[in-house]
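Keep the structure open beside you as you read.

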Amino acid sequence: MGTAVNKPGRSELPRHVAIIMDGNGRWAKKRGLVRSAGHAAGAETFRKITYYLSDLGVEYFTVYAFSTENWKRSEKEVSTIMALLKKFLLEAIDTMEKKGIRLKVLGDTSRLSPELRALIDRTDEISRRIKSGLIANLCINYGGRDEIIHAIKAWEADPERGELSEESFSKYLYTAGMPDPDLIIRPSGEYRLSNFLLWQCAYSEFYFTDTLWPDFNEAEMDKALEAYAKRERRYGNAK
Ligand code: IPE
Ligand code: IPE
Ligand code: MG
């Protein structure tokens with residue numbers, strides 16, 4: 001676990017940073033490579049940024065890795081992404097404890113392979129043993145609308161459910177117990193949410209950059225954090 005670094009202009013560090021990891025395909029195309037090479041490069045960036053945010057002292061880091069809509073892609077591309085996720089989880093099993101990073105997978109895991117689900121069970125088990133440090137949320141087969149429907153069903157099925165309120169409802173979401181994202185970053189020049197954290201983004205600050213995800217790095221993260229530090233969050237209040 002790292003300690004917060006006080007760089008100029010970073011008066012306020014977000015507790016929860018979320019990123020839509022986009023632009024892998026275009027990054028590969030620009031280099032005359034196959035799309036899977038872009039996904040491999042994007043996975044490296046994810047590793048690098050996770051360690052960076054952990055060192056800075058950010059508490060939660062949520063990344064969008066595979067959406068409920070991404071199954072529309074070719075079987076070849078989907079299997080490449082699933083293979084990269086497997087590789088990532090295997091590495092995480094070896095390194096999480098040493099690095100003090102808890103890993104949680106958010107999404108409907110029922111559609112994932114039994115092999116991936118078993119790895120997720122193992123990372124969950126390891127995460128339970130880690131008592132402090134960054135919580136990294138990896139969104140796989142995640143969709144914001146799917147999450148809300150899933151939560152409604154879970155609420156309905158819960159005999160202990162109390163009065164429905166924004167607060168009580170949040171407990172049935174995949175992000176139960178976590179603060180909403182303070183900062184949502186989308187690279188690659190797209191200006192949309194693509195079904196990411198629809199409930200949780202109500203008062204998030206947004207940061208967009210044209211940089212493609214595999215080219216995103218610590219300096220780009222610093223720029224996003226500096227922009228965030230200058231924002232004034234009002235939550236509907238008057239100044
Ligand atoms: C993001 O990169 C990764 C996933 C959605 C799985 P893309 O594959 O969407 O890359 P572009 O948008 O085609 O460049
Ligand atoms: C969003 O990116 C999903 C992930 C990054 C995992 P997409 O590339 O799938 O989004 P659209 O299709 O451009 O909206
Ligand atoms: Mg994309």
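A polar contact is a pair of N or O atoms within 3.5 Å; within protein, one must be able to donate a hydrogen and the other to accept it, and residues adjacent in sequence count only if both atoms are side-chain atoms.

## Before we start

This is a predicted model, where local features need pLDDT of at least 70, side-chain atom pairs count only at pLDDT 80 or more, and totals for chains, interfaces and linings use all residues. Residues are numbered from 1 along each chain as its sequence is written, chains are lettered from A and ligands numbered from 1 in the order in which they are written, and side-chain values use heavy atoms, with hydrogens and water left out.

## Around ligand 1

Start with ligand 1, which has 13 residues around it, and M21, D22, G25, R26 and R73 are the closest. (A residue is near a molecule if one of its heavy atoms lies within 4 Å of it.)

Some backbone atoms come up here: an N or O atom in the backbone of G23 is 3.4 Å from an oxygen atom of ligand 1, and for G25 the distance from a backbone N or O atom to a ligand 1 oxygen is 2.9 Å. R35 uses its side chain, with a polar atom 2.9 Å from an oxygen atom of ligand 1.

## Around ligand 2

Now for ligand 2. Its surroundings include I20, M21, D22, Y64, A65, F66 and N70. Which side chains have an N or O atom by a ligand 2 oxygen? One is S194, at 2.6 Å. R192 has a polar side-chain atom 2.8 Å from an oxygen atom of this ligand, and R73 has one at 3.2 Å.

## The largest pocket

What is the volume of the largest pocket? It's about 600 Å³. On a 1 Å grid over the protein atoms alone, a pocket is an open set of points where a 1.4 Å probe fits, with protein on both sides within 12 Å along at least five of seven lines; lining residues have an atom within 4 Å of a point. Grid points are joined across faces, edges and corners, and the volume is the space filled by probe spheres set on the points.

This pocket has 28 lining residues, and M21, Y64, A65, F66 and N70 lie nearest its centre. Helix 1 (24–30), helix 2 (35–56), strand 2 (60–67) and helix 3 (75–99) each give two or more residues to the lining, with helix 2 giving the most, five. (Helices are DSSP runs of H or I with at least four residues, strands are runs of E with at least two, and both are numbered from the N terminus.)

Is E190 buried or exposed? E190 counts as buried because its relative accessible area is 19%, and buried means under 20% (1.4 Å probe, protein chains only). E190 sits in the loop between strand 5 (183–186) and strand 6 (205–208). Its side chain makes a polar contact of 3.0 Å with that of R26 and another of 3.4 Å with that of R192. Leaving out residues up to four places away in sequence, E190 touches D22, R26 and F208, where contact means heavy atoms within 4.5 Å.

E220 is in helix 7 (residues 218–230). E220 is buried too, at 12% relative accessibility. With residues up to four places away in sequence not counted, E220 touches T209, T211 and D215.

Note on methods
Buried means under 20% relative accessible area, exposed over 50%, partly exposed in between (1.4 Å probe, protein chains only).
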